[in-house]
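Work through the exercises below with the sequence and the model side by side. Try each task before reading its solution.

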Amino acid sequence: MLYRLSKLPKYLKAFGIVPGLRLWRQVELRCQANAGLGLRRLDVPGYEAPIHLRATTADHATFWQCMVMEQYDFFAFPQAQHLMRAYRKMLDEGEKPLVIDLGGNIGLATVWLAHKLPEAQFVVVEPDADNLELLRRNTAHLRSRVRLLHGGIWHRPAMLRIVNPESGSAALRVEEHPVGEGRGIRAYTVSEACAIAGASSPFIVKIDIEGAQAHLFSENTEWVGGTHLVTLELDDWQFPWGGTSETFFKTVSRFPFDYLMRDESIFCFRNFGYKSTT
């Protein structure tokens, strides 16, 4: 109880006193009491559509990370000024900046980013069918701005399978599905996701794929050089000495990126010729 109480000031700061208290009670107090009782609707100040959560610890933790703590908030970094300048330039030229969400889970990262980037389009990749159903509900208000792909992200076309279904909706891992062993889920490449959206390259790529970045960045990484912001949730702590982020760092180090850390995520801002103002 003390831990949940310690979160209250963050809710009040994020949403105001009355709505913050209401959301804190709904998310932090009622999760355990209503486990297994279906979906809960949350009306979040500033957002045009309600957010739906299952009565699970994983969904409530995702709400805390994405909506309360705003883990994908890149606006505090000075590099964000250049990023948003490029965003507005693309809009002025008739382009729709593409955000690719790899590991979409229940859609809260997409909802947060769509709220901050109201003219952007989205491609969201999620391997779990139950997550995808809730992801579809939470992003329905975005209509044609979002395309949802049931599958995993990979370095090449393949079929995949979830290897740890017992781990919960926020920690699922995938591997290539052996030929002849039943049905798998489709693997998409980043280039395929761009083609689906009709874009030549992504504007932002958000990655939370439980170690699969080791494969994603092993080949077919030409998209990285044209991406303005790559953000990855580092998870080497889950796979000691597995080198899950080694190919990521090898790839991004070939281009002029600035690297900044916020909690578990690294934000890589691509320098397309901007000069320092200091």
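The model is predicted, so local features need pLDDT of at least 70 and side-chain atom pairs count only at pLDDT 80 or more, while totals for chains, interfaces and linings use all residues. Residues are numbered from 1 along each chain as its sequence is written, and side-chain values use heavy atoms, with hydrogens and water left out.

**Exercise 1. Find the residues with the most contacts inside the largest nonpolar core.**

Step 1. A nonpolar core is a set of buried Ala, Val, Leu, Ile, Met, Phe, Trp, Tyr and Cys residues joined through side-chain atoms within 4.5 Å. Buried means under 20% relative accessible area, exposed over 50%, and partly exposed in between (1.4 Å probe, protein chains only).

Step 2. The largest core has 48 residues, and Tyr11, Phe63, Met67 and Phe74 have the most contacts inside it. Another core lies apart from it, with 35 residues, including Leu98, Ile100, Ala193 and Cys268.

Step 3. Take tyrosine 11 and leave out residues up to four places away in sequence: among the residues it touches (heavy atoms within 4.5 Å) are Leu23, Trp24, Val27, Phe63 and Trp64.

**Exercise 2. Locate the aromatic cluster that includes Tyr11, and a charge placed over one of its rings.**

Step 1. Rings of Phe, Tyr and Trp (its six-membered ring) pair if their centres lie within 6.5 Å; planes under 30 degrees apart count as stacked, over 60 as edge-to-face and the rest as tilted.

Step 2. The whole structure holds 12 aromatic pairs. One of them joins phenylalanine 255 and phenylalanine 257, edge-to-face, at 6.4 Å centre to centre and 85° between the planes. Phenylalanine 257 is buried, at 8% relative accessible area.

Step 3. The cluster consists of Tyr11, Phe15, Phe63 and Trp64.

Step 4. A charge sits over a ring if NZ of Lys or CZ of Arg is within 6 Å of the ring centre and within 35 degrees of the ring normal. Lysine 7 has its charged end over the ring of tryptophan 64, 4.7 Å from the centre. Arginine 270 is placed over the ring of phenylalanine 272 in this way, at 4.5 Å.

**Exercise 3. Which residues of helix α7 are buried, and which exposed residues lie on the face turned away?**

Step 1. In α7 (residues 129–138), the buried residues are Asn131, Leu132, Leu134, Leu135 and Asn138.

Step 2. These cover an arc of only 165° around the axis (taken from the directions from the helix axis to the C-beta atoms), so they are on the same side of α7.

Step 3. The face turned away carries exposed Asp130 and Glu133.

**Exercise 4. Where is proline 178?**

Proline 178 is in the loop between β8 (174–176) and β9 (185–188), and is partly exposed at 27%.

Definitions and conventions
Helices (H or I, at least four residues) and strands (E, at least two) are DSSP runs, numbered from the N terminus.
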